[in-house]
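Let's talk through how to read charged side-chain pairs. Have a look at the sequence and the model below, then we'll start.

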Amino acid sequence: MNSADILVWIDERKKALGIKSDAAVSKRAGHPDVIRNMRRGLSRPKTAALRALAKVLGNPPPGLFDEPPPALSFPSVEE
């Protein structure tokens with residue numbers, strides 16, 4: 001999931017909850033600049049910030065917190 005997808009989710013959840021301000025959501029999540037910085041393309045938020053936003057907005061988007069696929073393992077090569 002990229003930043004644009006996350007911003008769409010944020011906007012949809014804000015609308016559903018009747019919230020107009022990015023700053024209000026960010027501050028309540030404990031990361032006062034996270035949405036602003038995403039919109040400006042300054043940074044991709046860390047997982048902790050995304051989890052906090054999800055707690056404030058509810059219903060995190062599918063796939064946001066899914067575990068990555070397991071690392072590939074290769075059989076050892078005996079010489």
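Q: How many salt bridges does a search of the whole structure find?

A: General idea: side chains of opposite charge can pair when their charged atoms come close. Here, the search turns up four salt bridges (a side-chain nitrogen of Lys or Arg within 4 Å of a carboxyl oxygen of Asp or Glu). Bear in mind that this is a predicted model: local features need pLDDT of at least 70, side-chain atom pairs count only at pLDDT 80 or more, and totals for chains, interfaces and linings use all residues. Residues are numbered from 1 along each chain as its sequence is written, and side-chain values use heavy atoms, with hydrogens and water left out.

Q: Which side chain meets Arg-39 in a salt bridge?

A: That's Asp-11, at 2.4 Å from N to O. Arg-39 sits in helix 3 (residues 34-39) and Asp-11 in helix 1 (residues 3-17), so the pair ties together parts 28 residues apart in sequence. Helices here are DSSP runs of H or I, at least four residues, numbered from the N terminus.

Q: Are Asp-22 and Lys-14 buried or exposed?

A: Both are buried (under 20% relative accessible area; exposed is over 50%, partly exposed in between, with a 1.4 Å probe and protein chains only). Asp-22 and Lys-14 form a salt bridge, with their closest N and O atoms 2.4 Å apart. By comparison, Arg-39 is partly exposed at 38%, and Asp-11 is partly exposed at 34%.

Q: Which residues are linked in a network of salt bridges?

A: Asp-11, Lys-14, Asp-22 and Arg-39.

Methods. Helices (H or I, at least four residues) and strands (E, at least two) are DSSP runs, numbered from the N terminus.
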